[in-house]
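This report describes one protein chain for a reader who has not seen it before. Please look at the sequence and the structure shown here before reading on.

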Amino acid sequence: MTTGPDAIATAPPAGDLDDPALAIATRGLTRTFGDRVAVDHVDLQVRRGEVFGVLGPNGAGKSTLIRMLCAILTPTAGDARVAGFDLRREPERIKQHLGYMTQRFSLYEDLTVEENLDFYAGIYGVPRHQRAARVAEVLMQTGLGARRRQLAGTLSGGWKQRVALASATIHRPPLLFLDEPTAGVDPVSRRAFWAEIHRLAGAGTTIVVTTHYMDEAERCHRLAFILGGRVLDEGRPDEIVARSALRAAELELPPDAPPTTRVIDALAAHPEVIGVEPRGRGLRVVTRAVDPAALAAEVVPAARVAPARVSVEDAFVAMVRTAGVPP
């Protein structure tokens, strides 16, 4: 997997809020609601022009963190600079320099594609004399020209997603937040969406994206895993996978093997097994501190075993289970 140039591969030390290479820098960022701590002393560094993924189960604190970085919520404690501005002293200036897209797309369904773009251009402060040219440019860049007069409410999910992204970037923001942007979108549209995301990043836009799709997480330059409001790990996808120290294998079960469910139960009972899942006619086993091939030989001696790649999803599941969060 390509993780981008070295210039955006490694984060600077925590606490360096004034590094000009950073689009976002936080130090001890915290948000409480009464006695509940939603975000707990988070240190993050997001470099300009990178695609940064924020992962975590529901209730992990992702949305609260994003709302603070968008200057919608005021931190309870900690400091941050976003798009070069102080989060506490300059929240309105931050809002002027970012785009925001949610999974609900926030389109006006009784307006055409072109009317939606023109409306958001006005909302985001594109000067009136520049709006028509900017809308025409975006229609061409995103392939929406043929649908410019179509009502947004009649578009498919993938086309609505494309219009929503165009609306969120109509003012050329240097920083773009995407909150679960591909939820409910078909795989072909998801792939096209990510191609556009990397095109924007290549042109200099910094993109922060939350997602539940682990294959999408592997397309980010860097990731942060959040659980219980805290960052469990941060780095390039390959770094996170390497630190997990997991091993994986594909098992091809022989015809005379015990029932698959029995094999799964036997493998899953081992304390170092992170996961066992059916794959076609076989199984995929992920372990920690034990050789999956040796373990398979104990349970199904005649099984054929081949090494498999450990994924970001494997590392994520291992962190969640280590933290004691039930599946």
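How far is the sulfur of C220 from the closest cysteine sulfur?

## Cysteines

The sulfur of C220 is 16 Å from the closest cysteine sulfur, that of C70, which is too far for a bond. A disulfide is a pair of cysteine sulfur atoms within 2.5 Å, and a search of the whole structure finds zero disulfides. Both cysteines are buried (under 20% relative accessible area; exposed is over 50% and partly exposed lies in between, with a 1.4 Å probe and protein chains only): C70 has a relative accessibility of 4% and C220 one of 0%.

## Basis of the model

This is a predicted model, in which local features need pLDDT of at least 70, side-chain atom pairs count only at pLDDT 80 or more, and totals for chains, interfaces and linings use all residues. Residues are numbered from 1 along each chain as its sequence is written, and side-chain values use heavy atoms, leaving out hydrogens and water.

## The sheet

Helices (H or I, at least four residues) and strands (E, at least two) are DSSP runs, numbered from the N terminus. Six strands make an open sheet of mixed pairing, in the order β7-β8-β9-β4-β10-β11. Its edge strands, β7 (98–102) and β11 (230–235), each pair on one side only; two strands pair if DSSP finds at least two bridges between them.

Within this sheet, β4 (residues 51–55) and β10 (residues 222–227) run parallel and are joined by four bridges. F52 stands opposite R222 in β10.

## Salt bridges

The whole structure holds 26 salt bridges, each a side-chain nitrogen of Lys or Arg within 4 Å of a carboxyl oxygen of Asp or Glu. R222 forms one with E50 (2.8 Å, N to O). This pair links distant parts of the chain, 172 residues apart: E50 is in the loop between β3 (45–47) and β4, and R222 is in strand β10. E50 is buried at 0% relative accessible area, and R222 is buried at 1%.

R222 also forms a salt bridge with E234, the closest N and O atoms being 2.8 Å apart. E234 is in strand β11, twelve residues from R222.

## The loop at T205

T205 sits in the loop between α6 (187–202) and β9 (206–210). T205 counts as buried, with a relative accessible area of 12%. Apart from neighbours within four places in sequence, T205 is in contact (heavy atoms within 4.5 Å) with residues including G49, E50, P173 and L200.
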